[in-house]
Amino acid sequence: MAVQMSLFSRTRAPTCPGARRARPSAVRVQATLLPLPASETRSTVDRLKKLRLITAIKTPYLANGKFDLPAYDALVSHQIENGVEGLIVGGTTGEGHLMSWDEHVMLIAHTVNAFGDKTAVIGNTGSNSTREALHATEQGFAVGMHASLQINPYYGKTSKAGLLNHFNAVLNEGPAVVYNVPGRTGQDIPDDVVMEICQHSNFLGMKECTGNSRIKNYTSKGVNCWSGNDDESHDARHSNGAVGVISVTSNVIPGLMHKLMHGSPDPQLNADLKELMAWMFCEPNPISLNTALAMCGLARPVFRLPYVPLSRAQREKGAVLLNKVQEHIPGCKSVRVMEDHEFILVGRH
């Protein structure tokens with residue numbers, strides 16, 4: 001049987017069969033993780049820039065609030081089987097902000113180990129602290145992630161010069177998607193900052209959440225973009241130059257989102273999915289997604305606080321929408337509204 005090389009496989013230096021390794025007379029320990037040189041990341045950057053459908057993957061939990069890795073692996077397997085080309089691990093949707101950094105890096109490492117030869121693994125290692133972002137990004141690349149997701153410093157904000165210094169520092173570590181979502185960070189990344197950082201050899205593109213007019217402006221100037229809004233992603237891809245979408249809804253219907261992003265425009269399918277997409281964001285993400293996956297039997301009904309499930313009225317509305325697309329929800333045997341007492345809320349984990 002021929003050996004099939006993965007799109008994201010890593011090569012090792014060849015060794016001679018039976019050869020014994022010469023023992024070095026001294027061992028030199030490099031105490032600091034060095035950034036990946038551009039010569040080693042160029043082909044990876046070129047491939048990653050072309051990914052049309054990237055899922056911001058959900059992190060499921062056990063009843064005690066710890067990671068449910070078998071459920072996670074099943075979700076990821078469904079994604080890959082239905083055409084998803086990349087994963088954001090520990091993003092907003094995956095609740096990286098509710099994880100310790102140890103948990104976060106472990107989940108990236110697990111994803112790389114289990115699925116890194118089948119899909120792109122993009123670890124959300126950004127932070128409002130440049131020190132933390134650099135350290136987490138170094139760790140993420142050390143365990144094998146293909147790229148990082150980098151948010152602009154939030155809450156404390158900073159100046160344009162501060163943004164440029166922050167992004168250049170993290171881009172020096174390796175390939176990265178820069179994430180602009182001012183509704184969460186409280187600060188927009190200005191166009192002139194984007195036009196400067198996009199010159200960096202490790203810049204993959206923007207995950208842009210401010211709308212398609214912004215995306216069109218960037219793509220017309222050669223800046224690679226992914227839509228960060230599911231409901232706008234079809235038009236972003238087919239009318240505004242976006243390469244694709246970094247999606248929440250693809251956790252539930254990966255095959256249909258793949259269809260929206262690949263091939264010819266499909267305005268009818270896009271229109272048919274609009275109501276479901278709107279419901280997926282009726283409360284701040286990932287509340288609806290967490291509730292939907294529990295209702296579909298794909299994740300335990302466990303929420304790390306401060307997230308809580310949707311109200312019963314919203315669950316009833318969602319059940320109708322999910323039933324309409326049930327045949328396209330991998331692994332879903334039925335959709336249940338569920339009772340309030342079935343959900344587990346975990347404050348300490």
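The largest pocket is lined by 20 residues, and Thr92, His97, Asn124, Ile151 and Tyr154 are the ones nearest its centre. On a 1 Å grid over the protein atoms alone, a pocket is an open set of points where a 1.4 Å probe fits, with protein on both sides within 12 Å along at least five of seven lines, and lining residues have an atom within 4 Å of a point. This is a predicted model, with pLDDT of at least 70 needed for local features and 80 or more for side-chain atom pairs, while totals for chains, interfaces and linings use all residues. Numbering starts from 1 along each chain as its sequence is written, and side-chain values use heavy atoms, leaving out hydrogens and water.

That pocket holds about 500 Å³ of space, a volume filled by probe spheres set on grid points joined across faces, edges and corners. Helix H3, strand S4 (147–151) and helix H6 (182–185) each give two or more residues to the lining. Helices here are DSSP runs (H or I, at least four residues), as are strands (E, at least two), numbered from the N terminus.

| Lining class | Residues |
|---|---|
| Nonpolar | 7 residues |
| Polar | 11 residues |

Now for the inside. Of the 349 residues in the chain, 52% are buried, meaning under 20% relative accessible area with a 1.4 Å probe, protein chains only. The largest nonpolar core has 56 residues, and those touching the most other members are Val252, Ile253, Leu273, Leu276, Trp279, Leu322 and Ile329. Such a core is a set of buried Ala, Val, Leu, Ile, Met, Phe, Trp, Tyr and Cys residues joined through side-chain atoms within 4.5 Å. A second, separate core of 21 residues includes Leu171, Ile197, Ile215 and Val223.

Take Trp279: leaving aside residues up to four places away in sequence, its partners include Ser288, Ala292, Leu310 and Leu322, where contact means heavy atoms within 4.5 Å. Ala292 sits in helix H12 and counts as buried because its relative accessibility is 0%. The C-alpha atoms of Ala292 and Val252 are 7.9 Å apart, though the two residues are 40 residues apart along the chain.

Helix H9 (residues 230–239) has its own buried set: Asp230, Ser233, His234, Ala236 and Arg237. Their cover includes helix H8 (212–219) and helix H11 (267–280). Just after H9, Gly241 takes a positive phi of about 90 degrees.

Definitions and conventions: Buried < 20%, exposed > 50% of the residue type's maximum accessible area, 1.4 Å probe, protein only. Nonpolar A, V, L, I, M, F, W, Y, C, P; charged D, E, K, R; others polar.
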